[in-house]
Amino acid sequence: TGPLLPKPMASLLATLPAWRLIMDDRPDTAITRHFGDLPDPRIDRTRKHDLIDILSITLCAFLCGADTWEDVADFGRAKKPWLATFLRLPNGIPSHDTFDRVFALLDPQAFHDCFVAWVRSLCEDLAGETVHIDGKTLRRSLDRTGLKSALHLVSAFAGEASLSLGQVAVDDKSNEITAIPKLLKILDIRGASITIDAMGCQKEIARQIVEQEGDYVLAVKDNQPMLLAQVKRTMDELADHPRPGATPDSEGFHETIEKGHGRIETRKVWCAPAVDSADLLGPWKGLTHFGMVERRREVAGVASTERAYYITSHATISAQRLARTIRGHWRIENALHWTLDMSFDEDRSRVRVGHGAQNLALIRKIALNLLKNEKTSRRGIQGKRLKAGWDEQYLIKVLKAGI
């Protein structure tokens with residue numbers, strides 16, 4: 001059995017989330033349901049530390065500001081008395097080399113499956129959600145000596161819930177087309193709206209989204225020249241020769257003007273039913289509407305204008321809703337990719353051996369989900385990490401956000 005716990009700590013741990021200790025009697029908790037069956041990649045004679053201890057220390061360390069394996073080991077040693085109240089720690093705190101080796105060996109698919117099951121417990125239904133899909137390269141994961149390219153991850157992010165939903169690793173950005181279907185397959189997107197940039201504007205991807213009972217909003221660019229020509233022709237005509245009565249609040253037209261930081265930005269959005277021959281639009285399963293966004297920026301008296309084009313499968317959609325969905329796609333850049341770089345220093349991580357970079361990227365996403373789910377503090381992610389490192393009671397609050 002596990003170590004005897006002080007009564008206050010024992011009662012507190014009874015409410016802890018997925019990352020509490022699995023003791024020998026393995027109580028029915030979130031960790032046993034979602035991570036308890038994660039295969040240990042080590043052979044028996046090399047196991048000096050429990051896998052759940054290694055995972056728990058790593059997660060807690062990253063919640064508290066750690067960015068490297070040396071940080072994780074130092075955190076473990078500094079917090080050993082506290083960790084020992086709910087972890088077995090049969091041989092003390094692992095060395096940084098042990099953390100590195102275990103995460104390099106850990107099966108990333110099995111780890112990801114556990115992650116997806118955990119996220120589903122936090123966000124059981126994506127109906128009505130806008131799910132953004134985009135890729136990111138971890139630039140310092142490039143290993144020239146081992147002839148290993150930098151890790152490129154395609155991630156899914158729930159905009160309204162502000163949760164990372166999953167990731168798929170690919171060799172390089174050009175392979176996102178093959179990664180997106182794999183990522184969609186593991187998500188229950190019924191009733192959700194999926195946004196993808198032009199790389200994912202593919203007939204088979206559109207078909208898969210519709211067959212999984214979701215809807216899509218896809219950017220259209222030069223990689224689909226015939227489709228782009230038709231959407232451009234239709235929407236440019238609509239914008240350059242507006243129908244009488246088309247006001248900023250009308251169903252097919254929406255306009256916003258923002259001023260600030262010496263810049264004026266006008267965004268005009270048009271939406272219209274998709275019209276053309278069956279030969280062109282027929283292969284695009286579910287396609288119902290074309291869309292266009294015109295962005296006009298004026299900085300220091302110098303103006304620039306650009307237009308972007310979209311297709312969607314929504315049966316009914318207003319220009320205002322389309323504008324909100326398209327602009328929301330930047331959440332995956334700002335709330336996920338940018339935050340991972342700025343708050344977790346992900347882009348400078350030099351973890352490269354084996355599956356280490358991919359598995360550690362998932363740890364960061366788990367930590368980010370927990371920190372975002374913790375609502376009592378008004379601080380940003382970096383501030384919450386600092387607070388968790390200083391205040392063990394707040395760290396427990398963050399962990400409980402994963403229940």
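Student: Is Q202 buried or exposed?

Tutor: Q202 counts as buried, because its relative accessibility is 18%. Buried means under 20% relative accessible area, exposed over 50%, and partly exposed in between, with a 1.4 Å probe and protein chains only. The model is predicted, so to speak of a local feature requires pLDDT of at least 70, side-chain atom pairs count only at pLDDT 80 or more, and totals for chains, interfaces and linings use all residues. Residues are numbered from 1 along each chain as its sequence is written, and side-chain values use heavy atoms, with hydrogens and water left out.

Student: Where is the place of Q202, and which residues is Q202 in contact with, leaving aside its neighbours within four places in sequence?

Tutor: Helices (H or I, at least four residues) and strands (E, at least two) are DSSP runs, numbered from the N terminus. Q202 sits in the loop between β4 (193-196) and α9 (203-211). Contact means heavy atoms within 4.5 Å. When neighbours within four places in sequence are left aside, Q202 is in contact with I177, N223, Q224 and W284.

Student: How many salt bridges does the count come to?

Tutor: A salt bridge is a side-chain nitrogen of Lys or Arg within 4 Å of a carboxyl oxygen of Asp or Glu. By this rule the count comes to 23. One of the pairs is D341 with K136, whose closest N and O atoms are 3.0 Å apart. This pair links distant parts of the chain, 205 residues apart: D341 belongs to helix α13 (residues 331-344) and K136 to strand β1 (residues 130-138). D341 is partly exposed, at 23% relative accessibility, whereas K136 is buried, with a relative accessible area of 10%.

Student: How many residues has the largest nonpolar core?

Tutor: A nonpolar core is a set of buried Ala, Val, Leu, Ile, Met, Phe, Trp, Tyr and Cys residues joined through side-chain atoms within 4.5 Å. The largest has 100 residues, and F111 and I311 have the most contacts inside it. Helix α3 (residues 51-63) gives the most to this core, with nine residues. Leaving aside neighbours within four places in sequence, F111 is in contact with residues including F35, L38, L55 and I366. A second, separate core of 13 residues includes V217, C271, A323 and I326.

Student: Which residues line the largest cavity?

Tutor: A cavity is a set of points, on a 1 Å grid over the protein atoms alone, where a 1.4 Å probe fits but cannot get out; lining residues have an atom within 4 Å of a point. The lining consists of L138, S141, S349, V351, A357, L360 and R364. Helix α14 (residues 356-373) gives the most to this lining, with three residues.

Terms used: 1 Å grid on protein atoms, 1.4 Å probe; cavity = no way out; pocket = protein on both sides within 12 Å on 5 of 7 lines; lining within 4 Å.
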